[in-house]
Amino acid sequence: MNRLDTEHQRLFASDPDATAEGRLRHLVLAVCGPADWAPLSAVWRGVQADLDLPAPAIAVNGVDAFELWFSLADPVPIHTAAAFLDGLCDRYLGEVAPARRRCWPSSDPGLQVEPARVPQLQAETGRWSAFVAPDLAAVFGDDPSLDIPPGDEAQADLLSRLKSVTRAEFQIALARLTPEPSPFLPAVQPPVPTVVTPAAASTIRRHDDPRQFLLDVMNDPSVAMELRIKAAKALL
């Protein structure tokens, strides 16, 4: 296994048992038809500035789309991952036609198509997919592909700078993306997975209410202060 394989596995490989249980640790959001980095760049910036998440990987898929690859430190249920991506689309891609958005996993069972591994030669175009640096993404214009294979070491270097989203970071971001209940309708909370920091696992109970989760994180002395501050910001 070369260095690129090692970095790819560190960020995106899921445990076989988790996969069999329907839990994932890599999420992909793409814009296609036509491929356009501009709207997806708003997501890339927003998840860092607004949601306090590590930067996702940026990729051109070699065919028709720009992609953001999110790495999670721990796998989450498919429906939770899909809800997170739907929240990103609602918040940052509202002006992009739904037909141009591509999510893995998708909340639409008919659209569950896992993106191909990057980098890879695409048979239908004869061109390559690749991970790309943020300052180079816009250079591709509406042609999200390479005509030559990207270097393994350069791809490994790009991935080596990325971090996985921790359990607590993901939970807080998911709560921020959860729509406020209408005052004219009964409050119905979407299912939220029971994912907490290991230190708090013995003290924080199962949560179906994201706001209560944030309160517990904020008030739990066993949780890192940085995450408690993020929880407080999310509540505000």
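1. Strands E2 and E6 run antiparallel and are joined by three bridges, and across this pairing Val60 stands opposite Ala130 in E6. The model is a predicted one, and the pairings discussed in these points should be read with that in mind.

2. On the pairing of E2 with E3, four bridges join the two strands, which again run antiparallel, and Ile58 is the residue that stands opposite Leu68 in E3. The two strands form a hairpin with four residues between them, in which Gly62 takes a positive phi near 80 degrees.

3. A second hairpin is made by E5 and E6, also with four residues between the strands, and here Gly126 in the turn has a positive phi of about 70 degrees. Three bridges join E5 to strand E6, which covers residues 127-132, and the two run antiparallel; within this pairing Leu121 stands opposite Trp128 in E6.

4. Strand E1, residues 23-32, is joined to E3 by nine bridges, with the two strands running antiparallel, and Cys32 stands opposite Ala65 in E3. Strand E3 itself, which spans residues 65-77, is mostly covered, since ten of its 13 residues are buried.

5. Taken together, these strands belong to an open sheet of six strands, with antiparallel pairing and the order E4-E1-E3-E2-E6-E5. Strand E4 (101-104) and strand E5 (120-122) stand at the edges and have a single partner strand each, so one side of each is left without a neighbour in the sheet. From one strand to the next, the twist averages 25 degrees.

6. Which strands does helix H5 lie across? Helix H5, made of residues 152-160, lies across strand E2 (57-60) and E6, and it runs at about 35 degrees to E6.

7. Why is helix H6 described as largely enclosed by the rest of the structure? Ten of the eleven residues of helix H6, which covers residues 167-177, are buried, so the helix is largely enclosed by the rest of the structure. The buried residues of H6 include Glu169, Gln171 and Arg176, together with Ala168, Phe170, Ile172, Ala173, Leu174, Ala175 and Leu177.

8. For the chain as a whole, there are eight helices and six strands, and along the sequence they follow the pattern α-α-β-α-β-β-α-β-β-β-α-α-α-α. Of the contacts in the chain with a separation of 6 or more, 67% are between residues 24 or more positions apart.

9. On burial and surface, buried residues make up 47% of the 236 residues in the chain, while the accessible surface of the chain comes to about 11,800 Å², 56% of which belongs to carbon and sulfur atoms.

Notes
Residues are numbered from 1 along each chain as its sequence is written. This is a predicted model: local features need pLDDT of at least 70, side-chain atom pairs count only at pLDDT 80 or more; totals for chains, interfaces and linings use all residues. Side-chain values use heavy atoms; hydrogens and water are left out. Buried means under 20% relative accessible area, exposed over 50%, partly exposed in between (1.4 Å probe, protein chains only). Contact means heavy atoms within 4.5 Å. Accessible areas come from the Shrake-Rupley method with a 1.4 Å probe; for residues, only the protein chains shown count as cover. Two strands pair if DSSP finds at least two bridges between them. Axes are lines fitted to C-alpha atoms, for helices over the stretch in contact, and angles run from 0 to 180 degrees between N-to-C directions.
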